[in-house]
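I opened my notebook to look up a few things in one structure. Here it is, before my entries.

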Amino acid sequence: METLSITRKSHSPEESFRLAESLGLRIQTPCRIALYGDLGAGKTHFVQGLASGLGVAEGSYVTSPSYALIHSYEARLPLHHADLYRLSHSDEVFDIGLYELMASEAVTVVEWAERMEGMEIFDLEIRIEIHGESERTIRAQASGLHFQDLLRSWQQVSHPE
Ligand SMILES: Nc1ncnc2c1ncn2[C@@H]1O[C@H](COP(=O)(O)OP(=O)(O)OP(=O)(O)O)[C@@H](O)[C@H]1O
Ligand SMILES: [Mg+2]
C-alpha cells in the first residue's frame with residue numbers, strides 16, 4: 001500500500017508541543033502511533049502536546065520518572081502512552097497488555113516502538129530527528145487512507161493554533 005509522508009520543522013520545544021497538539025486536536029478515531037527518535041529527541045514532549053489536543057486535563061500528565069511502561073489518561077478518546085525503553089525482552093510487551101490497548105477504542109502512543117521487534121502495526125509512524133540544540137525535524141508517515149487524510153489536514157496547519 002502507498003504511504004504518505006509529511007515533514008514538519010520545529011525550532012523550539014513550544015513549537016513541537018503546538019504541532020503535536022494540533023495533531024491531537026484532529027484525531028477523532030482510535031489510532032496507534034509509533035514514535036521513533038534518539039534519546040532527548042522530543043518523543044515524550046510530543047506526547048504531551050498530543051495529550052493536550054486530545055483533551056487530557058492540564059496537570060494530570062505524568063512527568064516524573066517512573067518504572068511503569070504504560071500510563072493511561074482520560075480524554076475525548078482514552079490515551080495510552082507506552083515507553084518501551086526499559087523493556088527487558090520483547091515478550092514483555094504481551095505481559096504489559098500493550099496489544100490489548102492497541103486493539104481498543106483509544107489512542108495508543110508508543111515510544112521506542114522498535115523494541116517490539118516487528119510485531120507492531122501502527123496507523124502513524126512519527127520520527128523525530130535532532131538538529132542542534134532546539135531544531136527538530138518531525139516526519140510523519142501513514143499508510144491507511146483515513147490517516148493519510150489526517151496528516152494532510154495536519155500539514156495545512158502553518159501556524160499551529
Ligand atoms: N524543537 C524541540 N522540540 C522538542 N524538544 C526540544 C526541542 N528543542 C529542544 N528540546 C528539548 O529536548 C528534550 C526532549 O526531551 P523528551 O523527554 O521529550 O525526549 P524523548 O525523545 O522522549 O527522550 P527519551 O528517549 O529519553 O524518552 C527536552 O528537554 C526539550 O526541552
Ligand atoms: Mg521519552
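Is threonine 44 buried, partly exposed or exposed? I looked up threonine 44 and found it partly exposed, at a relative accessible area of 31%. I use buried for under 20% relative accessible area, exposed for over 50% and partly exposed for in between (1.4 Å probe, protein chains only).

The model is predicted: local features need pLDDT of at least 70, side-chain atom pairs count only at pLDDT 80 or more, and totals for chains, interfaces and linings use all residues. Residues are numbered from 1 along each chain as its sequence is written, chains are lettered from A and ligands numbered from 1 in the order in which they are written, and side-chain values use heavy atoms, with hydrogens and water left out.

Next I checked the magnesium ion (ligand 2). Its protein donors are Thr44 (OG1) and Glu111 (OE), 2.0 to 2.2 Å from it. Donors are N, O and S atoms within 2.8 Å of the metal (3.2 Å for Na, K and Ca); water is not among the atoms, so sites may look incomplete. Threonine 44 sits in helix 2 (residues 43–54) and glutamate 111 in strand 5 (residues 107–111), so the pair ties together parts 67 residues apart in sequence. Helices (H or I, at least four residues) and strands (E, at least two) are DSSP runs, numbered from the N terminus. Glutamate 111 is buried, at 3% relative accessibility.

Then I turned to glutamate 21. I found it in helix 1. Glutamate 21 is buried, at 12% relative accessibility. From glutamate 21 to histidine 71 I noted 18 Å, C-alpha to C-alpha, and 50 residues in sequence.
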